[in-house]
Amino acid sequence: MKIFLFVLCVLFIGLVSSRSIEVTSATFKREVLDKKDQAVFVLFHANWCGHCKKLMPDFEKAAERLKGLVTFAKVESSESDLMRKYGIEGYPTMKMFAPVPENSPTQEKKVIPFQRQRTINSISQFVLSYLPNYVDSIEEESWFETESKKVILFPSKKFNTIPPLFKGVARDFKKHFKFGIIFGSSPVSEKLAESFGIVDFPKVLLIEEKSEQVIEVFDQKLSLQSIHSFLKKHVTNVQGEEGSGEEAGKQKVNKKKKVEEEIMYIHEVGMEKYGELCTGSVSGFCAIGLFDKDDQENYKIYETVAKKFYKDKLFTFVLLNEGQDEIKSQLKDLTGKDTLDFEIIVIRPKRSRWTIFDGDFENETQLQTFFEKIITGDMRFKNSQIKKKKVQNDNKDTKEL
């Protein structure tokens, strides 16, 4: 019965494509610790670890399944400070950084180790159990007397637990609305369903302050995105927050446009900027475009892919300015190639490893798949040829002596 209910809860979520984020020592506080009201599930892994590679597809599928409800993050073994701080002694290790209760005397997140089977369902059940709950179970009509606007859910009669989707929405809008759920077992269920004219389930209603007057009925298919859009229309415009109606829509579009204009998805680099973004102890991956920047078709495809992966904070996308023979010479040394007969190379500066895209550049899907395989660990990286060449030269010098 529990498994049946869990499957229903997952179906209620409305699955959409997503993936985990990769965090480093520099971003761990912002992406994990500072998200006080959110559950963040962290995988500590190593790229050389076979068990990690086996786990990764299920970890990513769970991240896709629970998009918007729980944040899934990955920390690679090279982040030694984090490994020591959280007592990581083997790979893979997964830990839940649980939300901080509202009335907690401490604002530090509790860290709970994951000690179950490494399957999609097992991971999903575990992380969903740490979703904070801001939804009341309505047992009396007096609940409606609150001064706040209210969002209530009449779930399908087979539900006797609060759906994860509704918990997630309540968390995201807790400052603006009071949330409640009316189960079929509630003593006021039949009376309220008749009063509100509810004949089919599930149904979400937005209720006026201090009354049972319905402002609007949500009659779309239930998904995190659709109910977010529905509630945003009714958020009161206070202290610079989003307003409602047509004006709020214009503000949102203008704000989004301004943010997109400020974001630099592709960095056009010379030697100095290249050194800053793509060499030394830089975390993550550096994707380097070697095509002519005046090639608008290739640039557009490259930019589209850069935008798609921007939120992952895992890749830095660069394009070489004209000339830059010194950078090209470094890339030849890195790869051991006499000619750079490819249009994109991705390097991992910390490990001096590299891989190239040898597919059809004009096929955007192939290019996206290439970067997705890097994220999941399915793309093979090669070692730098610089050290190998140095060893060969040293051996040659030794023989000559």
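Of the 401 residues in the chain, 45% are buried. The model is a predicted one. The chain has 14 helices and 16 strands. Among contacts with a separation of 6 or more, 72% are between residues 24 or more positions apart.

- Five strands form an open sheet in the order 6-8-7-9-10, and the pairing is mixed.
- Strand 6 (135-137) and strand 10 (214-218) are the edge strands, each pairing on one side only.
- On average, neighbouring strands of this sheet are turned by 25° against each other, direction ignored.
- Strand 7 (residues 150-154) pairs with strand 9 (residues 203-207) in the antiparallel sense, over five bridges.
- In that pairing, Phe-154 stands opposite Lys-203 of strand 9.
- With strand 8, strand 7 pairs in the parallel sense, over four bridges.
- Lys-150 has Lys-178 as its bridge partner in strand 8.

**Burial of strand 7**

- Five of the five residues of strand 7 are buried, so the strand is largely enclosed by the rest of the structure.
- Lys-150, Ile-152 and Phe-154 are buried on one side of strand 7, and Val-151 and Leu-153 are buried on the other, so that both faces are covered.

- Helix 7 (residues 189-196) lies across strand 7, strand 9 and strand 10, and runs at about 110° to strand 7.
- Helix 8 (residues 224-232) also packs on the sheet, where it touches strand 7, strand 8 (178-181), strand 9 and strand 10.
- The direction of helix 8 makes about 160° with that of strand 10.
- Helix 6 (residues 164-172) is mostly covered, with eight of its nine residues buried.
- The buried residues of helix 6 are Pro-164, Leu-165, Phe-166, Lys-167, Gly-168, Val-169, Ala-170 and Arg-171.

- Helix 10 (residues 271-278) has Tyr-274, Leu-277 and Cys-278 as its buried residues.
- Seen down the axis of helix 10, these buried residues fall within an arc of 75°, so they line one face of the helix.
- An α-helix has 3.6 residues a turn, so residues three or four places apart point the same way.
- The cover over the buried residues of helix 10 includes strand 11 (266-269), strand 12 (285-289), strand 13 (315-320), helix 12 (325-335) and strand 14 (344-348).
- Gly-280 follows helix 10 and has a positive phi, near 75°.
- The structure holds one disulfide.
- This disulfide joins Cys-278 to Cys-286, with an S to S distance of 1.9 Å.
- Cys-278 and Cys-286 are both buried.

**Two further cysteines**

- Cys-49 has a relative accessibility of 5% and therefore counts as buried, the cut-off being under 20%.
- Cys-52 is buried as well, with a relative accessible area of 2%.

**Aromatic pairs**

- The whole structure contains 32 aromatic pairs.
- In one of them, the rings of Phe-28 and Tyr-86 have centres 5.4 Å apart and planes at 40°, so the pair is tilted.
- This pair links distant parts of the chain, 58 residues apart: Phe-28 is in helix 2 (residues 28-33), and Tyr-86 is in the loop between helix 4 (80-85) and strand 4 (93-97).
- Phe-28 counts as buried because its relative accessibility is 2%.
- Tyr-86, at 13% relative accessibility, also counts as buried.
- Phe-291 and Tyr-302 form an edge-to-face pair, 5.4 Å centre to centre and with 85° between the planes.
- Phe-291 lies in the loop between strand 12 and helix 11 (296-308) and Tyr-302 lies in helix 11, so the pair ties together parts that are eleven residues apart in sequence.
- Both Phe-291 and Tyr-302 are buried.
- Ring pairs also join Phe-291 and Tyr-302 into a cluster with Phe-285, Phe-309, Phe-315, Phe-317, Phe-357, Phe-370, Phe-371 and Phe-381.

Technical notes:
Residues are numbered from 1 along each chain as its sequence is written. This is a predicted model: local features need pLDDT of at least 70, side-chain atom pairs count only at pLDDT 80 or more; totals for chains, interfaces and linings use all residues. Side-chain values use heavy atoms; hydrogens and water are left out. Buried means under 20% relative accessible area, exposed over 50%, partly exposed in between (1.4 Å probe, protein chains only). Helices (H or I, at least four residues) and strands (E, at least two) are DSSP runs, numbered from the N terminus. The arc is that of the directions from the helix axis to the C-beta atoms. Contact means heavy atoms within 4.5 Å. A disulfide is a pair of cysteine sulfur atoms within 2.5 Å. Two strands pair if DSSP finds at least two bridges between them. Axes are lines fitted to C-alpha atoms, for helices over the stretch in contact, and angles run from 0 to 180 degrees between N-to-C directions. Rings of Phe, Tyr and Trp (its six-membered ring) pair if their centres lie within 6.5 Å; planes under 30 degrees apart count as stacked, over 60 as edge-to-face and the rest as tilted.
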